[in-house]
Amino acid sequence: MKIILDAMGGDLAPEAPVLGAIDAVKAYGAEITLVGRGEEILEVMKKHGIDDLPEGMEIANADDVVDMHDDPASVIHKRKNSSMIVGLKMLADGKGDAFVSAGSTGALLTGATLLVRRIKGIRRAAMAPSMPTKTGGRVIICDCGANAECTPEFLLQFGLVGSAYAKNVFGLENPRVGLLNIGTEDSKGTQLQKDAFTLLQNAAQKGLINFTGNVEARSVPLGEVDVVVCDGFSGNILIKSIEGTAMFMGSMLKKMFKKNLFCNLGYLLCKSGVSDLMKLLDYREIGGTQFLGIQKPVIKAHGSSDALAFRNAVRQAMDAAQGNFTAQLERDLAAMKECDHD
């Protein structure tokens with residue numbers, strides 16, 4: 001399995017992606033193609049005492065870099081020799097099984113849509129990060145920012161892609177799908193939520209999805225559903241609110257343990273548990289977010305990803321490629337189309 005990695009994307013590039021890739025080769029046995037300025041990649045390796053490319057790793061030279069301020073709609077033509085666009089073309093041409101980048105989200109989504117292309121029948125690709133829940137599982141939030149304005153049909157498809165992803169990548173037999181809303185009653189929400197509720201309910205009646213109804217934001221981290229369907233605007237607010245709350249709780253824990261000697265002793269007694277909790281809430285342990293609905297796995301890593309985050313993004317890309325998610329989704333879309341004609 002070969003993962004294509006944008007070595008020039010992200011705030012800490014090229015050092016973080018290069019070191020993360022080397023760690024991933026050692027930890028997971030991944031084959032990785034680093035796309036970017038070859039000389040800079042080799043300089044990073046030399047700086048860290050690595051004289052030769054590890055077995056299973058190669059470099060594909062790309063002299064240009066997509067800037068965070070570039071217009072996403074024009075990068076394919078104006079930045080065609082950039083690490084991001086070259087990497088996406090390699091994925092589209094079958095030279096790899098998945099692509100990872102911490103570059104511009106808009107440019108990556110546009111490039112993935114136009115070069116790798118959406119799965120037939122999918123109208124919009126969605127960003128679908130997963131987060132830990134109280135029950136010990138994970139919840140997928142779909143969409144979390146790729147589509148700020150949505151139609152009810154988009155939300156229906158987000159439910160389908162999220163469900164297929166949960167089945168094939170997380171191994172859930174019958175994932176519970178909920179629609180993000182301000183209440184659990186059927187009548188809650190704007191017209192968008194009401195219409196989407198009807199479509200999701202109809203899909204459930206046809207056996208295409210396990211739709212459990214509306215879900216409130218406070219219930220998401222409690223694990224009441226496995227997939228949360230929402231427009232990108234609401235989803236982005238949801239996920240950042242959860243992340244902010246986790247950061248707040250983490251800082252308060254540190255402050256509490258530093259309060260006095262007895263609190264310090266208490267920390268020593270529960271140090272391993274606190275470490276496990278902080279690791280659970282660390283975005284670097286997740287790796288990144290997959291664009292669901294694209295024909296091949298494209299993973300968006302956090303812009304500030306360090307080597308650990310890139311290593312885990314490679315692991316996530318390998319899991320996504322092995323999950324055969326696209327085939328499952330195509331079957332679900334075909335089944336939905338047949339039901340619509342009945």
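Gly-36 stands opposite Asn-61 in E3. Happy to start there, with some ground rules. The model is predicted, so local features need pLDDT of at least 70 and side-chain atom pairs count only at pLDDT 80 or more, while totals for chains, interfaces and linings use all residues. Residues are numbered from 1 along each chain as its sequence is written, and side-chain values use heavy atoms, leaving out hydrogens and water.

Strand E2 (residues 31-36) runs parallel to E3, and five bridges pair them. Strands pair here if DSSP finds at least two bridges between them; the elements themselves are DSSP runs, numbered from the N terminus, with helices (H or I) of at least four residues and strands (E) of at least two. Between E2 and E3 the chain passes through helix H2 (residues 38-47), in a right-handed β-α-β crossover. Right-handed means that, with the strands pointing away from the viewer, the path from the first strand over the helix to the second runs clockwise.

Glu-58 makes a salt bridge with Lys-2, with the closest N and O atoms 3.1 Å apart. This pair links distant parts of the chain, as Glu-58 is in E3 (residues 57-61) and Lys-2 is in strand E1 (residues 2-6), 56 residues apart. A salt bridge is taken as a side-chain nitrogen of Lys or Arg within 4 Å of a carboxyl oxygen of Asp or Glu, and by this rule there are seven. Glu-58 is partly exposed at 37% relative accessible area, as is Lys-2 at 23%; buried means under 20%, exposed over 50%, and partly exposed in between (1.4 Å probe, protein chains only).

Another of these salt bridges joins Arg-37 to Glu-40, at 3.6 Å from N to O. Arg-37 is partly exposed at 28%, and Glu-40 is partly exposed at 28%. Glu-216 and Arg-218 meet in a salt bridge too, at 3.3 Å, and Arg-218 is exposed, at 64%. Salt bridges with shared partners join Asp-64, Asp-70 and Arg-79 into one network.

Now for the backbone. Most residues other than glycine have a negative phi, and most peptide bonds are trans. Ala-13 and Pro-14 are joined by a cis peptide bond with omega about 0°, and Pro-14 lies in the loop between E1 and helix H1 (15-28). The bond from Cys-142 to Asp-143 is also cis, with omega near 20°; Asp-143 sits in the loop between strand E7 (138-142) and helix H6 (152-169). Arg-117, although not a glycine, has a positive phi of about 75°, in the loop between helix H5 (105-116) and strand E5 (126-128).

As for cysteines, the structure holds zero disulfides, a disulfide being a pair of cysteine sulfur atoms within 2.5 Å. For Cys-144, which is in no disulfide, the nearest cysteine sulfur is that of Cys-230, 8.0 Å away. Cys-144 is buried, at 6%. Cys-150 is in no disulfide either, and the nearest cysteine sulfur, again that of Cys-230, is 8.5 Å away. Cys-150 is buried at 15%.
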